[in-house]
Amino acid sequence: MTNEATPSAISDADEATHMTRLQAHGLVVGYDDREVLHGLDVQIPDGAFTVIIGPNACGKSTLLKTLARLLSPSAGQVVLDGQSIHQQRTKDVARVLGLLPQSPLAPDGITVAELVARGRSPHQNLISRWSHEDEAAVDAALASTGVEDLRDREVDALSGGQRQRVWIALVLAQQTPLLLLDEPTTFLDIAHQVEVLDLVAGLRNDGQTVVAVLHDINHAIRYADHLIAMRDGHIVAEGAPERIVTAPMIEEVFGLRCRVVPDPDVGVPVVLPALP
(Lines give C-alpha, C1' and ligand atoms only; values in the text may rest on other atoms or scores of the structure.)
Protein backbone atom coordinates (compact mmCIF):
# COMPACT_ATOMS: atom_id res chain seq x y z
CA MET A 1 0.00 0.00 0.00
CA THR A 2 1.46 3.34 -0.98
CA ASN A 3 1.74 6.30 1.37
CA GLU A 4 2.47 8.80 -1.39
CA ALA A 5 -0.79 10.71 -1.15
CA THR A 6 -1.40 10.03 2.52
CA PRO A 7 -0.81 12.78 5.10
CA SER A 8 1.01 10.37 7.43
CA ALA A 9 2.00 11.81 10.81
CA ILE A 10 0.42 15.14 9.81
CA SER A 11 -0.09 17.76 12.48
CA ASP A 12 -1.48 21.12 11.38
CA ALA A 13 1.08 23.82 12.15
CA ASP A 14 -1.40 26.10 13.87
CA GLU A 15 -2.62 23.22 16.07
CA ALA A 16 0.89 22.06 16.91
CA THR A 17 1.72 25.48 18.35
CA HIS A 18 -1.59 25.78 20.25
CA MET A 19 -1.06 25.88 24.01
CA THR A 20 -2.55 22.78 25.59
CA ARG A 21 -3.27 21.65 29.13
CA LEU A 22 -2.92 17.97 28.20
CA GLN A 23 -0.11 16.47 26.14
CA ALA A 24 2.12 13.41 25.97
CA HIS A 25 5.69 12.86 24.88
CA GLY A 26 7.27 9.60 23.70
CA LEU A 27 4.56 7.35 25.16
CA VAL A 28 5.42 3.66 25.21
CA VAL A 29 2.63 1.59 26.78
CA GLY A 30 1.90 -2.11 26.83
CA TYR A 31 0.32 -5.02 28.63
CA ASP A 32 2.60 -7.74 30.02
CA ASP A 33 5.20 -8.29 27.26
CA ARG A 34 3.12 -6.76 24.44
CA GLU A 35 3.86 -3.16 23.47
CA VAL A 36 0.73 -1.33 22.29
CA LEU A 37 1.80 2.31 21.91
CA HIS A 38 5.15 3.00 20.29
CA GLY A 39 6.61 6.36 21.27
CA LEU A 40 3.57 8.60 20.68
CA ASP A 41 3.65 12.39 20.88
CA VAL A 42 0.18 13.90 21.42
CA GLN A 43 -1.12 17.41 21.99
CA ILE A 44 -4.78 17.94 22.82
CA PRO A 45 -6.03 21.37 21.61
CA ASP A 46 -7.76 23.35 24.32
CA GLY A 47 -11.46 24.12 23.94
CA ALA A 48 -11.85 21.64 21.08
CA PHE A 49 -13.49 18.28 20.46
CA THR A 50 -10.73 15.78 19.65
CA VAL A 51 -11.71 12.33 18.36
CA ILE A 52 -9.38 9.32 18.23
CA ILE A 53 -10.15 6.88 15.40
CA GLY A 54 -8.64 3.68 14.07
CA PRO A 55 -9.31 -0.05 13.64
CA ASN A 56 -9.90 -2.42 16.54
CA ALA A 57 -6.87 -3.09 18.75
CA CYS A 58 -4.86 -0.18 17.30
CA GLY A 59 -4.33 1.44 20.72
CA LYS A 60 -7.14 4.04 20.84
CA SER A 61 -8.46 3.13 24.29
CA THR A 62 -4.95 2.48 25.57
CA LEU A 63 -3.99 6.02 24.59
CA LEU A 64 -7.10 7.47 26.28
CA LYS A 65 -6.50 5.46 29.47
CA THR A 66 -2.87 6.59 29.55
CA LEU A 67 -3.90 10.22 29.13
CA ALA A 68 -6.32 9.68 32.03
CA ARG A 69 -3.59 8.15 34.24
CA LEU A 70 -5.29 4.75 34.39
CA LEU A 71 -2.22 3.23 32.71
CA SER A 72 1.42 4.06 33.35
CA PRO A 73 3.80 4.28 30.38
CA SER A 74 7.01 2.29 30.40
CA ALA A 75 8.62 5.28 28.68
CA GLY A 76 7.58 8.87 28.04
CA GLN A 77 5.13 10.89 30.08
CA VAL A 78 1.73 12.55 30.13
CA VAL A 79 1.88 16.23 31.03
CA LEU A 80 -1.10 17.99 32.61
CA ASP A 81 -0.81 21.73 33.16
CA GLY A 82 2.97 21.60 32.73
CA GLN A 83 3.62 18.78 35.20
CA SER A 84 3.82 15.01 34.84
CA ILE A 85 0.37 13.63 35.58
CA HIS A 86 1.88 10.83 37.67
CA GLN A 87 3.52 13.35 39.99
CA GLN A 88 0.18 14.93 40.86
CA ARG A 89 -2.24 13.90 43.59
CA THR A 90 -5.18 11.80 42.44
CA LYS A 91 -7.73 14.26 43.80
CA ASP A 92 -5.97 17.19 42.10
CA VAL A 93 -6.08 15.37 38.76
CA ALA A 94 -9.76 14.51 39.31
CA ARG A 95 -10.56 18.20 39.71
CA VAL A 96 -9.13 18.90 36.25
CA LEU A 97 -9.81 15.75 34.24
CA GLY A 98 -13.02 13.69 34.09
CA LEU A 99 -13.18 10.23 32.50
CA LEU A 100 -16.13 8.22 31.17
CA PRO A 101 -14.82 4.66 30.60
CA GLN A 102 -16.26 2.04 28.26
CA SER A 103 -19.45 0.36 29.47
CA PRO A 104 -19.44 1.71 33.05
CA LEU A 105 -21.51 -0.21 35.59
CA ALA A 106 -23.74 1.37 38.22
CA PRO A 107 -24.34 -0.24 41.63
CA ASP A 108 -27.63 -2.10 41.89
CA GLY A 109 -30.53 0.07 43.00
CA ILE A 110 -28.72 3.41 42.75
CA THR A 111 -30.80 6.32 41.52
CA VAL A 112 -29.80 8.80 38.85
CA ALA A 113 -29.31 11.62 41.36
CA GLU A 114 -27.23 9.40 43.65
CA LEU A 115 -24.97 8.31 40.79
CA VAL A 116 -24.46 11.82 39.43
CA ALA A 117 -23.69 13.05 42.96
CA ARG A 118 -20.64 10.76 42.98
CA GLY A 119 -19.06 13.17 40.50
CA ARG A 120 -18.64 15.62 43.38
CA SER A 121 -16.28 13.39 45.38
CA PRO A 122 -13.06 15.13 44.16
CA HIS A 123 -14.37 18.37 45.69
CA GLN A 124 -15.09 16.90 49.12
CA ASN A 125 -12.95 15.94 52.09
CA LEU A 126 -13.35 14.87 55.72
CA ILE A 127 -14.02 18.44 56.81
CA SER A 128 -16.12 19.68 53.89
CA ARG A 129 -18.94 17.29 53.03
CA TRP A 130 -22.04 17.88 50.88
CA SER A 131 -22.67 21.58 50.18
CA HIS A 132 -25.04 23.90 48.33
CA GLU A 133 -22.33 24.14 45.65
CA ASP A 134 -22.40 20.35 45.24
CA GLU A 135 -26.18 20.37 44.98
CA ALA A 136 -26.09 23.12 42.37
CA ALA A 137 -23.47 21.24 40.33
CA VAL A 138 -25.60 18.07 40.29
CA ASP A 139 -28.73 20.02 39.34
CA ALA A 140 -26.86 21.77 36.53
CA ALA A 141 -25.44 18.46 35.22
CA LEU A 142 -28.88 16.83 35.24
CA ALA A 143 -30.35 19.82 33.41
CA SER A 144 -27.64 20.08 30.77
CA THR A 145 -27.98 16.39 29.88
CA GLY A 146 -31.79 16.47 29.85
CA VAL A 147 -32.30 13.90 32.61
CA GLU A 148 -33.80 16.10 35.34
CA ASP A 149 -37.07 14.17 35.24
CA LEU A 150 -35.17 10.90 35.77
CA ARG A 151 -33.39 11.91 38.95
CA ASP A 152 -35.38 9.53 41.19
CA ARG A 153 -35.34 6.61 38.75
CA GLU A 154 -32.99 3.67 39.22
CA VAL A 155 -30.17 3.72 36.67
CA ASP A 156 -30.55 0.05 35.70
CA ALA A 157 -34.16 0.71 34.68
CA LEU A 158 -33.22 3.29 32.02
CA SER A 159 -32.77 2.88 28.28
CA GLY A 160 -29.27 2.82 26.80
CA GLY A 161 -29.45 6.41 25.61
CA GLN A 162 -30.75 7.62 28.97
CA ARG A 163 -27.99 5.79 30.83
CA GLN A 164 -25.31 7.36 28.63
CA ARG A 165 -26.72 10.80 29.38
CA VAL A 166 -26.67 10.00 33.09
CA TRP A 167 -23.02 8.89 32.95
CA ILE A 168 -22.14 12.08 31.09
CA ALA A 169 -24.02 14.02 33.76
CA LEU A 170 -21.76 12.36 36.36
CA VAL A 171 -18.58 13.61 34.68
CA LEU A 172 -20.18 17.04 34.18
CA ALA A 173 -20.97 17.24 37.90
CA GLN A 174 -17.24 16.75 38.45
CA GLN A 175 -16.86 20.21 36.83
CA THR A 176 -13.54 19.57 35.10
CA PRO A 177 -12.22 21.58 32.14
CA LEU A 178 -11.08 18.32 30.46
CA LEU A 179 -13.37 15.39 29.60
CA LEU A 180 -12.19 12.03 28.23
CA LEU A 181 -14.89 9.72 26.84
CA ASP A 182 -14.12 6.13 25.79
CA GLU A 183 -16.58 5.02 23.09
CA PRO A 184 -19.58 6.91 24.52
CA THR A 185 -21.89 5.72 21.71
CA THR A 186 -21.18 1.97 21.94
CA PHE A 187 -24.32 -0.22 21.86
CA LEU A 188 -26.59 2.74 21.07
CA ASP A 189 -28.89 2.93 18.06
CA ILE A 190 -28.26 5.65 15.48
CA ALA A 191 -30.73 8.13 16.99
CA HIS A 192 -29.21 7.82 20.45
CA GLN A 193 -25.68 8.01 19.01
CA VAL A 194 -26.49 11.37 17.42
CA GLU A 195 -28.22 12.49 20.62
CA VAL A 196 -25.12 11.78 22.70
CA LEU A 197 -22.72 13.32 20.17
CA ASP A 198 -24.84 16.47 19.95
CA LEU A 199 -24.63 16.70 23.72
CA VAL A 200 -20.85 16.19 23.75
CA ALA A 201 -20.32 18.75 20.98
CA GLY A 202 -22.33 21.20 23.05
CA LEU A 203 -19.85 20.79 25.91
CA ARG A 204 -17.08 21.93 23.57
CA ASN A 205 -19.18 24.93 22.65
CA ASP A 206 -19.35 25.79 26.36
CA GLY A 207 -15.55 25.95 26.51
CA GLN A 208 -14.65 22.49 27.74
CA THR A 209 -11.96 20.36 26.12
CA VAL A 210 -13.32 16.97 25.08
CA VAL A 211 -11.44 13.88 23.87
CA ALA A 212 -13.40 10.83 22.70
CA VAL A 213 -12.73 7.46 21.12
CA LEU A 214 -15.28 6.74 18.36
CA HIS A 215 -15.73 3.83 15.97
CA ASP A 216 -17.94 5.48 13.36
CA ILE A 217 -15.60 7.35 11.01
CA ASN A 218 -18.30 9.64 9.57
CA HIS A 219 -19.54 10.60 13.03
CA ALA A 220 -15.96 11.34 14.02
CA ILE A 221 -15.41 13.55 10.97
CA ARG A 222 -18.69 15.40 11.38
CA TYR A 223 -18.30 16.26 15.05
CA ALA A 224 -14.54 16.58 15.62
CA ASP A 225 -12.49 19.74 15.47
CA HIS A 226 -9.33 17.63 15.64
CA LEU A 227 -8.83 14.01 14.54
CA ILE A 228 -6.13 11.59 15.67
CA ALA A 229 -5.99 8.58 13.30
CA MET A 230 -4.13 5.54 14.65
CA ARG A 231 -2.98 2.18 13.37
CA ASP A 232 -0.83 -0.46 15.09
CA GLY A 233 0.05 1.80 18.01
CA HIS A 234 1.22 4.70 15.84
CA ILE A 235 -0.39 7.99 14.84
CA VAL A 236 -0.86 7.98 11.07
CA ALA A 237 -2.40 11.44 10.74
CA GLU A 238 -3.81 14.19 12.91
CA GLY A 239 -5.40 17.55 12.35
CA ALA A 240 -8.68 19.10 11.23
CA PRO A 241 -10.88 16.51 9.44
CA GLU A 242 -11.26 18.58 6.28
CA ARG A 243 -7.47 18.76 5.97
CA ILE A 244 -6.41 15.18 6.67
CA VAL A 245 -9.29 12.89 5.62
CA THR A 246 -8.46 11.49 2.19
CA ALA A 247 -9.12 8.14 0.53
CA PRO A 248 -5.43 7.11 0.83
CA MET A 249 -5.39 7.98 4.54
CA ILE A 250 -8.56 5.96 5.21
CA GLU A 251 -7.11 3.01 3.30
CA GLU A 252 -3.85 3.21 5.24
CA VAL A 253 -5.60 3.40 8.60
CA PHE A 254 -8.54 1.02 8.08
CA GLY A 255 -7.51 -1.01 5.03
CA LEU A 256 -10.71 0.22 3.35
CA ARG A 257 -10.94 1.27 -0.28
CA CYS A 258 -13.28 4.23 -0.42
CA ARG A 259 -14.29 7.54 -1.93
CA VAL A 260 -14.23 10.74 0.13
CA VAL A 261 -16.83 13.31 -0.88
CA PRO A 262 -18.05 16.54 0.74
CA ASP A 263 -21.16 16.43 2.88
CA PRO A 264 -23.85 18.35 0.94
CA ASP A 265 -25.10 20.10 4.08
CA VAL A 266 -21.99 21.10 6.02
CA GLY A 267 -19.14 20.40 3.59
CA VAL A 268 -17.09 18.11 5.84
CA PRO A 269 -15.70 14.93 4.24
CA VAL A 270 -17.87 11.82 4.06
CA VAL A 271 -16.32 8.37 3.62
CA LEU A 272 -18.13 6.06 1.17
CA PRO A 273 -16.83 2.47 0.99
CA ALA A 274 -15.90 1.42 -2.55
CA LEU A 275 -18.14 -1.16 -4.22
CA PRO A 276 -16.63 -4.63 -4.76
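Guide: Let us begin with a definition: a residue is called buried when its relative accessible area is under 20%. Please note also that this is a predicted model.

Visitor: What makes helix H2 mostly covered?

Guide: Helix H2 comprises residues 60-67, and seven of its eight residues are buried. The buried residues are Lys-60, Ser-61, Thr-62, Leu-63, Leu-64, Thr-66 and Leu-67. Just after H2, Arg-69 adopts a positive phi of about 75 degrees.

Visitor: Why is H6 described as largely enclosed by the rest of the structure?

Guide: Of the 14 residues of H6, 11 are buried, and the helix is therefore largely enclosed. Among them are Gly-161, Gln-164, Arg-165, Val-166 and Trp-167. The buried residues of H6 pack against strands E6 (97-100) and E7 (178-182), and against helices H4 (112-117), H5 (132-144) and H7 (190-205).

Visitor: How do you know that the length of helix H6 agrees with its number of residues?

Guide: At 1.5 Å a residue, the 14 residues of H6, numbered 160-173, should span 20 Å. The C-alpha atoms at its ends are 20 Å apart, so the two values agree. Just after H6, Gln-175 has a positive phi of about 55 degrees.

Visitor: What makes a set of residues a nonpolar core, and which residues have the most contacts inside the largest one?

Guide: The members must be buried residues of the nonpolar kinds, joined through side-chain atoms within 4.5 Å. The largest such core has 52 residues, and Val-116 and Leu-227 have the most contacts inside it. H6 supplies the largest share of this core, eight residues. A second, separate core of 29 residues includes Leu-22, Leu-40, Leu-178 and Ile-235.

Visitor: Which residues does Val-116 touch, not counting residues up to four places away in sequence?

Guide: Val-116 touches Val-138, Ala-141, Leu-142, Val-166, Ala-169, Leu-170 and Ala-173.

Visitor: Why is His-219 counted as buried?

Guide: The relative accessibility of His-219 is 11%. The cut-off for a buried residue is under 20%, and His-219 therefore counts as buried. His-219 lies in helix H8 (residues 217-223). Leaving aside neighbours within four places in sequence, His-219 is in contact with Ile-190, Gln-193, Val-194 and Leu-197.

Visitor: Why is Asp-32 called exposed?

Guide: A residue is exposed when its relative accessible area is over 50%. The value for Asp-32 is 84%, so Asp-32 is exposed. Asp-32 belongs to the loop between strand E1 (22-31) and strand E2 (34-44). Although Asp-32 is not a glycine, its phi is positive, about 55 degrees.

Visitor: Why is Ser-103 counted as partly exposed?

Guide: Partly exposed residues fall between the buried cut-off, under 20%, and the exposed cut-off, over 50%. Ser-103 has a relative accessibility of 48% and therefore counts as partly exposed. Ser-103 is located in the loop between E6 and H4. Ser-103 is not a glycine, yet has a positive phi of about 45 degrees.

Visitor: What is the volume of the largest pocket, and which residues are the closest to its centre?

Guide: The volume of the largest pocket is about 290 Å³. Its lining has 20 residues, and Ser-103, Pro-104, Arg-163, Gln-164 and Trp-167 are the closest to the centre. H6 gives the most to this lining, with four residues. The lining divides into 10 nonpolar, five polar and five charged residues.

Definitions and conventions: Residues are numbered from 1 along each chain as its sequence is written. This is a predicted model: local features need pLDDT of at least 70, side-chain atom pairs count only at pLDDT 80 or more; totals for chains, interfaces and linings use all residues. Side-chain values use heavy atoms; hydrogens and water are left out. Helices (H or I, at least four residues) and strands (E, at least two) are DSSP runs, numbered from the N terminus. The expected span of a helix is 1.5 Å times one less than its number of residues. Buried means under 20% relative accessible area, exposed over 50%, partly exposed in between (1.4 Å probe, protein chains only). Contact means heavy atoms within 4.5 Å. On a 1 Å grid over the protein atoms alone, a cavity is a set of points where a 1.4 Å probe fits but cannot get out, and a pocket is an open set with protein on both sides within 12 Å along at least five of seven lines; lining residues have an atom within 4 Å of a point. Grid points are joined across faces, edges and corners, and a volume is the space filled by probe spheres set on the points. Ala, Val, Leu, Ile, Met, Phe, Trp, Tyr, Cys and Pro count as nonpolar, Asp, Glu, Lys and Arg as charged, and the others, Gly among them, as polar.
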